[in-house]
Structures are given as structure tokens and as C-alpha cells.
Amino acid sequence: MQIAVMASGTGTILQALIEAELPIALVIADRECAALMRAHEAQIGTSLVERGSFAGDFDRDAYTEQVISALQAAGIDLVAMAGFGTILGPAIFDAFPDRIINTHPSLLPHFKGWHAVEDALRAGVAETGCTVHIATTLVDEGPILAQEALPIYDGETVATLHERIKEIERRLYPAVLRGLVNESNQKSERSI
Ligand code: GRF
């Protein structure tokens, strides 16, 4: 089993996956970011599939094909999204059916989208959390594999709340991925 992690940001979730000693064979980013540096430091192969445009002329399907090629060239079996900033086209879900996993900083189906932490804070809910799920063509939807809640404190900011959520993600996401790796290893042992 070979995992690719896709990230665009600081890569602290990626770091947790690296430290969990998961079989990460590739890190893909859509822009220069700290996550790529973390991969370099861990001597994991990287692919910068740079997004040419952030405007309306962005060719999402062509971009997705480039990502699929990078994944296939590295012999990837499982894709772990870890703060990847570009929504990918439907072709990737055909190329890796049920093999793309995402972590999202809310209790899905609540607060989908890029501003999940801010939206939960603004809504005044008493608790939020994180969700690890199988990704589908619909953003932040798909079968839930694990969820964990946490209380929102008075006076909390987006930064403090997101950091507390990420503390959970850094524990929960590696555990879920470890389970999937073990499951796949057991299946291949049975088929020998
Ligand atoms: C995480 O909260 C993840 O759920 C979201 O982006 C964040 C990535 O954090 N999609 P980091 O860049 O790994 O610190």
C-alpha cells in the first residue's frame, strides 16, 4: 500500500502522518508551501502540480489529469487529502474509487467548505470537531469513517479553535489511515 498526501499549507497534519510512519510515497502540492519542505525533510518524494490560475479560466479537468498522472506514475493506492486547496474534477474519483480520504475541521454534515471553523464559531454552536471521510465528487461529503467533537470555549478565536481541532486531527487521521493500511495488507495476505 502506497499513500500520497495532498497539501497546500503549513502541513502539520502531513507531519503527523509522517510521524505515524504511514507508507507515504508521495506528497503533492498545488503551490509552494511548508508542506513540501516537510516532505523534503522526511525524504519523501514530492510533486508540485502548480495551479496556473486562481481565476475563472482555471481548467480544473486538465489540472486533475495532471494530478492523476503524478499519482499513477508513483504507483499510489490511497490518497490522503490534508488541507489541499484545489477542488479536483470527477476523473480522480473514477481513477481512485473510494480510495481518496479527507479530514475536515467540522462535524460533517455541518459546516462544509473552506471556512468551516469560522462558520461554526459564527453560528454560536456549543461544540464542533473534525471528520475523516471518504471523499466524493461532492465537496466535504461521503461516507464518514471517524468523527470527534470538542467544546467551543467563550472568547475563542478561529485560530485557537482551529488549532484545538487540528490537535485531534493529528491523532484521529493517522489512526484511521493506519486502519485502512492494515485492512489492505490483510486482504493481500489472504489472496497469496
Ligand atoms: C486541517 O484542519 C484540515 O482538516 C483542513 O486543512 C487543515 C490543514 O492543516 N482541510 P495543516 O496545514 O496541515 O496544519
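So, let's start where helix 1 and helix 2 touch. On the helix 1 side we have Thr12, Leu14, Gln15 and Ile18, and they meet Ala35, Arg38 and Ala39 of helix 2. Sorted by class, the residues of this contact are four nonpolar, two polar and one charged. Please keep in mind that this is a predicted model.

How do we describe such a pair? In general, two packed helices are described by the angle between their axes and the distance between those axes. Here, helix 1 covers residues 12-19 and helix 2 covers residues 34-41; the angle is about 20°, and the axes lie 9 Å apart. Because of that angle, helix 1 counts as roughly parallel to helix 2, the cut-off for that label being under 35 degrees. And is the crossing left-handed or right-handed? For helix 1 and helix 2, the crossing is right-handed.

The largest pocket has a volume of about 900 Å³. It is lined by 37 residues, and the closest to its centre are Gly83, Phe84, Asn102, Thr103 and Trp114. Have a look for those five in the structure above.

Which elements supply at least two residues each to that lining? We meet helix 1 again here, together with strand 5 (100-104), helix 5 (116-123) and helix 6 (158-190). Helix 6 gives the largest share, with four residues.

Finally, what is the lining like by class? The lining of the largest pocket has 17 polar residues, 15 nonpolar ones and five charged ones.

How values were computed:
Residues numbered from 1 in each chain as written. Predicted model: local features only at pLDDT ≥ 70, side-chain atom pairs only at ≥ 80, totals over all residues. Heavy atoms only, no water. Axes fitted to C-alpha atoms, helices over the stretch in contact; angles between N-to-C directions. Parallel < 35°, antiparallel > 145°, perpendicular 65-115°, else oblique. Left-handed = near helix turned anticlockwise from the far one by under 90°. Contact = heavy atoms within 4.5 Å. Nonpolar A, V, L, I, M, F, W, Y, C, P; charged D, E, K, R; others polar. 1 Å grid on protein atoms, 1.4 Å probe; cavity = no way out; pocket = protein on both sides within 12 Å on 5 of 7 lines; lining within 4 Å. Points joined across faces, edges and corners; volume = space filled by probe spheres on them.
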